[in-house]
Amino acid sequence: MVGGLFSEELIELINGAIFSIRDKHQRISLWLRDNNNIPKLRRIGLKLKEICQFEKYKFGYQVH
C-alpha cells in the first residue's frame with residue numbers, strides 16, 4: 001500500500017485498493033489475495049482504519 005505503512009506480512013495479501021466517491025456514499029475497496037486468513041484480514045482492516053483515521057466508522061468485509 002502507499003507509503004509502506006503495512007508490514008511485509010500483510011502487504012503480501014493486498015493486491016490493490018480503490019477509493020470511490022458515489023452520490024450517496026463513499027466506498028473503499030481492498031483487493032486481497034486470500035480470504036481465508038481471518039486474523040490477517042482483520043489486522044489489515046484495523047490498520048487501514050488507523051491510517052485513514054476512520055476508527056469511529058463501522059466497516060464490513062465482503063467476499064466478491
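Start at Gln53, in the segment after helix H2. Helices here are DSSP runs of H or I with at least four residues, strands are E runs of at least two, and both are numbered from the N terminus. Gln53 has a positive phi of about 60 degrees, although it is not a glycine. Its relative accessibility is 64%, so Gln53 counts as exposed (over 50%; buried is under 20%, partly exposed in between, with a 1.4 Å probe and protein chains only).

The model is predicted: local features need pLDDT of at least 70, side-chain atom pairs count only at pLDDT 80 or more, and totals for chains, interfaces and linings use all residues. Residues are numbered from 1 along each chain as its sequence is written, and side-chain values use heavy atoms, without hydrogens and water.

Next, select Lys49, in helix H2. Lys49 is buried yet has no salt bridge (a Lys or Arg side-chain nitrogen within 4 Å of an Asp or Glu carboxyl oxygen). Glu55 is the nearest side chain of opposite charge, 7.9 Å away. Now show the backbone oxygen of Tyr57: the Lys49 side chain reaches it at 2.8 Å.

Last, open the largest pocket. It has 28 lining residues; nearest its centre lie Ile28, Leu30, Gly60, Tyr61 and Gln62. A pocket is an open set of points on a 1 Å grid where a 1.4 Å probe fits, with protein on both sides within 12 Å along at least five of seven lines; lining residues have an atom within 4 Å of a point. Colour strand E1 (14-21), strand E2 (26-32) and helix H2 (38-52): each gives two or more residues to the lining. H2 gives the most, with eight residues.

Notes. Lys and Arg count as positive and Asp and Glu as negative; His and the chain ends are not counted. A polar contact is a pair of N or O atoms within 3.5 Å; within protein, one must be able to donate a hydrogen and the other to accept it, and residues adjacent in sequence count only if both atoms are side-chain atoms.
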